[in-house]
There are 4 protein chains.
Amino acid sequence: MSNRKLRAGMIGGGIGAFIGPVHRMALELDNDAELVGGAFSRDPEKSRESAARLFLDPQRVYHDYRVMAEREAKLPEDRRLDFVVIVTPNSTHFEIARTFLEHGFHVVCDKPVALNLEEAKTLQRIASEKKRLFMITHAYTGYPMVKQAKQMIKNGELGDILKVVVQYFQGWVPFRLQGKAKGDKAWKFDPKISGPSLTVADIGTHAENLAHYITGLEIEELCAQATSFWAEGGLEDDADVLIRYRGRAKGVLSVSQMLTGEHNGLTIRVYGSKKSLVWKQEQPETLLVRDLNRFDTILYKGGTDLYEEANAAKKLPSGHPDGLIAAFANLYRAFIQTIWQQLQGEQVSGGDYPNIADGVRGMAFVETVLESAASELKWIKPKV
Amino acid sequence: MSNRKLRAGMIGGGIGAFIGPVHRMALELDNDAELVGGAFSRDPEKSRESAARLFLDPQRVYHDYRVMAEREAKLPEDRRLDFVVIVTPNSTHFEIARTFLEHGFHVVCDKPVALNLEEAKTLQRIASEKKRLFMITHAYTGYPMVKQAKQMIKNGELGDILKVVVQYFQGWVPFRLQGKAKGDKAWKFDPKISGPSLTVADIGTHAENLAHYITGLEIEELCAQATSFWAEGGLEDDADVLIRYRGRAKGVLSVSQMLTGEHNGLTIRVYGSKKSLVWKQEQPETLLVRDLNRFDTILYKGGTDLYEEANAAKKLPSGHPDGLIAAFANLYRAFIQTIWQQLQGEQVSGGDYPNIADGVRGMAFVETVLESAASELKWIKPKV
Amino acid sequence: MSNRKLRAGMIGGGIGAFIGPVHRMALELDNDAELVGGAFSRDPEKSRESAARLFLDPQRVYHDYRVMAEREAKLPEDRRLDFVVIVTPNSTHFEIARTFLEHGFHVVCDKPVALNLEEAKTLQRIASEKKRLFMITHAYTGYPMVKQAKQMIKNGELGDILKVVVQYFQGWVPFRLQGKAKGDKAWKFDPKISGPSLTVADIGTHAENLAHYITGLEIEELCAQATSFWAEGGLEDDADVLIRYRGRAKGVLSVSQMLTGEHNGLTIRVYGSKKSLVWKQEQPETLLVRDLNRFDTILYKGGTDLYEEANAAKKLPSGHPDGLIAAFANLYRAFIQTIWQQLQGEQVSGGDYPNIADGVRGMAFVETVLESAASELKWIKPKV
Amino acid sequence: MSNRKLRAGMIGGGIGAFIGPVHRMALELDNDAELVGGAFSRDPEKSRESAARLFLDPQRVYHDYRVMAEREAKLPEDRRLDFVVIVTPNSTHFEIARTFLEHGFHVVCDKPVALNLEEAKTLQRIASEKKRLFMITHAYTGYPMVKQAKQMIKNGELGDILKVVVQYFQGWVPFRLQGKAKGDKAWKFDPKISGPSLTVADIGTHAENLAHYITGLEIEELCAQATSFWAEGGLEDDADVLIRYRGRAKGVLSVSQMLTGEHNGLTIRVYGSKKSLVWKQEQPETLLVRDLNRFDTILYKGGTDLYEEANAAKKLPSGHPDGLIAAFANLYRAFIQTIWQQLQGEQVSGGDYPNIADGVRGMAFVETVLESAASELKWIKPKV
């Protein structure tokens, strides 16, 4: 058990940012870490003001992440940051993450972890060499009922997994382009900042990660269509992927950010030879189990006879919604516990949080989908 | 307006059959037609007994549909059948339908209308030459809220249609093969009776027809995977189809009969530039409308300000479920009204029921999906 | 087994009426009875025209129910009506039902069966003396999953029944009074026609009957508030009832027809010591079973391992909605089978349809609620 | 704006407690306060260990709340606690709250705030005399869509409020008594600790508070039944209340903790002359609006065109569940802002958090329900 809170620093997430504050809430929720400093903006004034609102020690506020890495690395062990949290736009993830890994810090980074597979593999190599832990924030895997789903499959309750159907449907692209939205998403349409993919990188990686986390299945090959309906800069905002997993299972995965009226509709359906599962992110507290014998069971977070992994992940009893921040906090807790084990001198491997191997697999997924969509699939015309 | 009930004859649908009685209920529900005879089985005794249970005139009970066609055609006009209903296994549809068309009867036939596109086109040609009406029973298009959806799109309420997502998920194949089911579905696994396709023909045609009915979109080309997980005889029981519609819209359609725990889960989502629609067959009384501005509207059958087509299709007020038989009856009512118009000497074209053109389009869909799935799609492997 | 369809006559239900056609569809759906005549209106012309649209024999069309009763009673046995269906306004139920009972016909009557308890008891006495069967159309008891609920409780699956919560929420009163509705409901506000109660008589009797049918519980005593928010004529359009059942169970029953936006929201929750049930009329195909151990089970019409009573009541397989007409038809089928047994000389008692004893219990419920609401309950004021 | 985090102390909430950690998470979530000390248990060792796990300064850990109040009151202003959080069993609330008020601290206290109305009024008087702020944690009022509901009604969108239906259904009593549960709820059955009411005090006060918060309605008088089905000690575990509000509106409120299979099912339905609302605590992110014109609208947290009060209360965008801790945090944020305003010398009154007036009204509700249930209501027997 830890005898102090771990110390975290943040890069990005200044005033007006959305995801920065969520990370702060999540990392502090379980009372095992605290944010003590950061480079919240490249603008010194904005970084200082952001830090002031968080009542942080001005000594530990920076505007250049390189300076931050250098100075923090030199602090005595009892003051030094334990890990950093990178919540900047995609194109900067790679350099920032590399810098902090090389200065000896554990790293938390938003997905996509890099602009391409090559970069992701580089980060994986450096983290491994430096023995630093690296978490990618696929936060949906932190929900208790996602953990229940994973354990049910792992323990064979579904029989053989035969089909996986994943949909991740958002609608912010037309909302934004029709003048409804404000905020900081403009950079998402710029390939220089966002990278070669909009939607597959932004939420396709979440969808792929969730399916992999729950089922353990690996994609053997895929075949995809991707479309740019609204997105500026030619980036895709919609894609459908046919999947052959290693083994017998097939899959179909659809992601889109241009589906009018959708909010954050991530749904996964896993069909086995004995039972099936349905989980919906917008109603995360329940897990629907469908039975060969034609009845359904609804399992509730906090219910009886759930797997220990599901129970350990809940904050509140059944009927009291935990929410996404709590799921997010579960990632941090697992990450922090693993850091703590390493600090104690234990040999660590894994830990129940998404790591750089997930980041590499995610970038490979993005590149494969784009390559398939760009190639000439053998499309066939009906002969009516 | 009619001054008598139309007279219907049935081929198939004897004792123990599932769909025959449903047709009888549907065709009589609106009190504009009645079943007066038929060839309910090739077994004379079984056909007679089936008819006796329906209190039908023994003079009009047959066991050979050819004899039935000949004799009924010779009856005086005021006794002669107006139309026949074909509810036999797939492989017999073509010959039976042709026979009755050629003897001058209007025809109702279960889907798939034939074993291949060629046969379907032949039936279309004969029906046209003989000026006979031909209904295919895609019954889901008879629901009031499906008609509401169609009219909303037709009247531009959704803006441009950009994406169509259709899922038709059943689970009877593993249920049956694991010894849970009884009944008459064994022939469905026999390609000689069922044809070259199990699931795409059986329910893929429903899914395609529903999407076409609601959106009016035509498939430009498609790309598919199809799998035989459980089905005997090598027929596919699962398929996913990527679709490019004529114009801008894209689609993804998944059909399966091997998804453990599913019942009759037909869901269609249509996304437009202004609004989107979700309709679920298992809860057919409501239509979900999603708005660019991030709220949803639930429309109810029997609610206020629905389109006339939706109102005319309801049997009961809102909150009083109509059910599938009532939807089925709406097909019959439109078909019967069209027959009646023709009897009055009117020039008829169309009528709000699925016709042989839908049957042809359906068979083309089946063949295209199978061809695509059998061809070597350009599948691509992730490079992790 | 019957060797002919039973012959039914209708009183009321002429052109423009809502419930008459529903009865016709329901009584003919299972092909064991047919409508052959009736007095559809007191206006001879309207009655004739209504019959013509149904293609009925003009010889059997009347405008005076007394004449109808007399003439039909004199027909030879092989032409005579087997039963009549009374779908007129409430105030006429008693006289019409009495007349046909006394002429030897079995009777189907809409609820409330009479204007007061005294009349209902009179009908019960006459039916008993004349050995005539009497069905009240509490149609919701015909749904398969209602029968499943009843059997689960009867077989002890819920343990001791402790609490029953029933809500029947409609919203047509304000809808109508704000000028939105058309149609034939004006008489419902007239105490001379409707009787001393609007909502408790109209739907409270359904709610009470459903609770009684499912649980078998008898009301020991009750305590109620009733309010006339909108209803013309001073009739109540809203009531809440606290109930003490015989034995340990308690209940709370709320009915209203002035709840803006409600359609036909009848929901029953039955809580036992081991399990609980929730059934909603607007989604009648499923039954929610809640378990002491904090998971739910969803049972589906047509699913596996349901009670025989539930299976026998379904028309279509799971996932194919049956709807209210099919539930209604189940009442008729049970009634018709019981008539047929009596025709065969069997001693009959009961049969799975709501009978005159239900009608008597319903009228007693109405009178008790009104009496309680009119009395000075011991209301207590908070002492803030 | 504040220039520091406020300092909070906790009484109760030691290792193994449920609600203490929730308060800590909630009060720190928005980064405007922090827990710095407390008396976590009357057992010195347990209190110390609890504090150690929270990495608190051992100097500020107590086991006697009186000592805590005295010592903390003497600390210099820049170290002194700003407020205390009382999360002990019911019977101790009064004395602890009084003590801290009298020593000049603002107070947060779990509901019920006291064992009877008299005590609640005493606390109200002292808080007023001492000008100390007093928050009761009716946390459900912190949800964004509850605030939306309140504003819609306040702004007349529903027209006149006519009927309020509240259900708060839990099932932990039989779960616990049948040996399924563990944990610290045994004291709830002991009237000496819990007070004269189990369920009405425990969750009836939440239900009443929610209805009052949303509608602004005041109870004129009520009439209730209360039952002890399972609860030890004779305390009620189930109650139904008929309500006459001041003005025209009527209500029915049911609360129970013995309903097998229920989790934390708090549902409120408010019916107006124009529109109605339904909100369910277990799915708190949406608000159902039902319209006189027979369609529904689903509003989403984070959607467009919500009231500012709803928007200000969200942590995450639509589709990303906030959960109950976030709602709880909103109470704390409002309370903390009000304290801060007072610290700045502003005259404060109100603030959007439940206060001691709510506590007084809640205790009056409990006493009135118990008095009504104990009195002889005029129960009436059906005369079947």
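Predicted model: local features only at pLDDT ≥ 70, side-chain atom pairs only at ≥ 80, totals over all residues.
**Interface of chain C and chain A**

- Each chain brings 13 residues to this contact, where contact means heavy atoms within 4.5 Å.
- About 1100 Å² is buried between chain C and chain A, with carbon and sulfur atoms giving 48%; buried area is the accessible area (1.4 Å probe) that two parts lose on being put together, summed over both.
- On the side of chain C that touches chain A, strand 13 (286-291) and strand 14 (295-300) each supply at least two residues; strands (E, at least two residues) and helices (H or I, at least four) are DSSP runs numbered from the N terminus.
- Strand 14 of chain C gives the most to that side, with 6 residues.

**Interface of chain B and chain A**

- Here 70 residues of chain B are in contact with 70 residues of chain A.
- The area buried between chain B and chain A is about 6400 Å², and carbon and sulfur atoms give 57% of it.
- Between these two chains the count is 6 salt bridges.
- R290(A) forms a salt bridge with E262(B), with the closest N and O atoms 3.0 Å apart.
- Strand 8 (residues 219-227) of chain B provides the largest share of the side of chain B that touches chain A, 9 residues.

**Helix 5 of chain C**

- Helix 5 (residues 117-130) of chain C has 14 residues and reaches 20 Å from its first C-alpha to its last.
- Its buried residues include L117(C), L123(C) and I126(C); buried means under 20% relative accessible area, exposed over 50%, and partly exposed in between (1.4 Å probe, protein chains only).
- The buried residues of helix 5 pack against helix 4 (90-102), strand 6 (134-136) and helix 12 (356-374) of chain C.
- At the start of the helix, a side-chain oxygen of N116(C) comes to within 3.2 Å of the backbone nitrogen of E118(C).
- K131(C), with a positive phi near 55°, follows helix 5.

**Individual residues in chains B and D**

- L6(D) belongs to strand 1 (residues 6-11) of chain D and counts as buried because its relative accessibility is 1%.
- The peptide bond from K111(B) to P112(B) is cis, with omega near -10°, and P112(B) lies in the loop between strand 5 (106-109) and helix 5 (117-130) of chain B.
- In chain D, a cis peptide bond joins K111(D) and P112(D), with omega about -10°.
- N31(B) has a positive phi near 65° and, at 6% relative accessibility, counts as buried.
- F55(B) also has a positive phi, near 60°, but at 27% relative accessibility F55(B) counts as partly exposed.

Methods:
Residues numbered from 1 in each chain as written. Chains lettered and ligands numbered in written order. Heavy atoms only, no water. Salt bridge = Lys/Arg side-chain N within 4 Å of Asp/Glu carboxyl O. Expected span 1.5 Å × (residues − 1). Polar contact = N/O pair within 3.5 Å; in protein donor to acceptor, adjacent residues only side chain to side chain.
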